[in-house]
Amino acid sequence: MRIAFVTGGGSGLGKSIAHRLAADGFSVAIADIDQSSAELVAKEIQEDGARALALRCDVSSLDSVKEAVATATERLKGGLDVLVNNAGFDEPEFFLQTDPELWDRLIAVNLKGVLNCTFAAAPLIAESCRESGYGRIINIASDAGRVGSLGEAVYAAAKGGVIAFTKAMARELARDKITVNAICPGPADTPMTDRIRSSALGDKLMARMADVTPLKRLALPEDVAGLVSYFARDEANFITAQVVSVSGGLTIPG
Ligand code: NAD
C-alpha cells in the first residue's frame, strides 16, 4: 500500500486531501502542529476502514519534521511515496504596517516548511521510487504567489518561493522519477479564511471575492483535494514542474 504524508492535515484543505488520498487507497500520515485535530482526522479515516496515523509536527522545525517522517515510515511499515506540503497560514496586513517578526513566522512555515519537509522526505520517496518507479511531491502554494495579493505581501513572497522551489525540485528529482507539482488555490472556504475574515482588512479583502470570481464562489476543500488526487495517480506520471490554479477563474496567469 502506498503511503502519503500530508502536512497541515488536521484542518481545511489538508483534512480534505487526507480523506481523499485515503479513499484513493493510500495509507495517510497526517502531520500537524495541532495534534488533536490530526488525531480527529485520523480517527475519521480509520472509521471509514482506511489506514491513517496522526503525528505532531511543526514544519518550521527540521528536527520535528525528521522525527515525524521517521515515525510515519516506521509505524505505517513501508517506504514513503507521496509528500503533500500543505501546512501554511496567513495574517493579512498592509506590508508597511507589519511587524517584521511576522515576516519570519510567515516565511518559516509557508516557505521553509516546504524546504524542511522536502529535505526530510524526498530521499525516502526516491528510495521507494527506485523499486516502484512512482513518487510524488505536491506543494500547496497559492494564487497570491502567482499574481500578488494586497495585504498578503510576505505570504505572497513565500508562496512565490514555493512555486520556484517546485520547478527547481522537479528538475533535480526527475532523475529519481519523482514528479513535483504545485497547486495554487484561490480563496477557499476553510478555517484559515474564517480567521482572515475576523480582521477588518481580511473581512474587506474577502467580502467581494465570490462576486469577482467568474465561477461565483470560493473554492471548496474538495476542489483542491481532487487535483491532489489527480497528481497522485499513475496516469499523471509524465506531468511535472506544473503550477495549476484552482480558483474558479479569479486569476488567469499568462
Ligand atoms: P487551515 O488553517 O484550515 O489549515 C492549516 C493547517 O496547517 C492547520 O491544521 C494548522 O494546524 C496546520 N499548521 C499551521 N502551521 C503549521 C506548522 N508550523 N506545522 C504543521 N502544521 C501547521 O488552512 P487552509 O485554508 O486549509 O490552508 C491550507 C494551505 O492552503 C495553506 O498552505 C494555505 O496557505 C493554502 N491556501 C489556502 C487558501 C485559502 O483561501 N484557504 C488559499 C490559497 C492557499
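1. Lys-77 is found in the loop that runs between helix 3 and strand 4 (82–85), and in this predicted model its phi is near 50°, a positive value in a residue other than glycine. Most residues other than glycine have a negative phi, so a reader new to the structure may wish to look at this position with some care. Lys-77 is also exposed, since its relative accessible area is 70% and the cut-off for exposed is over 50%.

2. A second residue belongs beside this one. Lys-216, placed in the loop between helix 10 (209–212) and helix 11 (221–232), has a phi near 60°, which is again a positive value in a residue other than glycine. With a relative accessible area of 53%, Lys-216 is exposed.

3. In soluble globular proteins, nonpolar side chains tend to be buried together.

4. Which residues does Ile-178 touch, not counting residues up to four places away in sequence? They are Ala-122, Ile-125, Ala-126, Cys-129, Gly-135, Arg-136, Ile-137, Leu-173 and Thr-240.

5. In helix 4, the buried residues are Leu-102, Leu-106, Val-109 and Asn-110. These residues cover an arc of only 85° around the axis, and they therefore lie on the same side of helix 4. The partners against which the buried residues of helix 4 pack are helix 5 and helix 7.

6. Thr-118 lies in helix 5 (residues 112–132) and, at 3% relative accessibility, counts as buried, because the cut-off for buried is under 20%. Its side chain makes a polar contact of 3.4 Å with the side chain of Asn-85.

7. The structure holds 2 aromatic pairs. In one of them, the rings of Phe-95 and Trp-103 have centres 5.1 Å apart and planes at 25°, so this pair is stacked, the cut-off for stacking being planes under 30 degrees apart. Phe-95 is partly exposed, with a relative accessible area of 38%, and Trp-103 is likewise partly exposed, with a relative accessible area of 30%.

8. The aromatic pair formed by Tyr-230 and Phe-231 is tilted, with 6.3 Å from centre to centre and 50° between the planes. Are its two members buried or partly exposed? Tyr-230 counts as partly exposed at 27% relative accessibility, whereas Phe-231 counts as buried at 3%.

9. One further arrangement involves an aromatic ring and a charge. The charged end of Arg-2 sits over the ring of Tyr-134, at 3.5 Å from the centre of that ring.

Notes. Residues are numbered from 1 along each chain as its sequence is written. This is a predicted model: local features need pLDDT of at least 70, side-chain atom pairs count only at pLDDT 80 or more; totals for chains, interfaces and linings use all residues. Side-chain values use heavy atoms; hydrogens and water are left out. Rings of Phe, Tyr and Trp (its six-membered ring) pair if their centres lie within 6.5 Å; planes under 30 degrees apart count as stacked, over 60 as edge-to-face and the rest as tilted. Buried means under 20% relative accessible area, exposed over 50%, partly exposed in between (1.4 Å probe, protein chains only). A charge sits over a ring if NZ of Lys or CZ of Arg is within 6 Å of the ring centre and within 35 degrees of the ring normal. Helices (H or I, at least four residues) and strands (E, at least two) are DSSP runs, numbered from the N terminus. A polar contact is a pair of N or O atoms within 3.5 Å; within protein, one must be able to donate a hydrogen and the other to accept it, and residues adjacent in sequence count only if both atoms are side-chain atoms. Contact means heavy atoms within 4.5 Å. The arc is that of the directions from the helix axis to the C-beta atoms.
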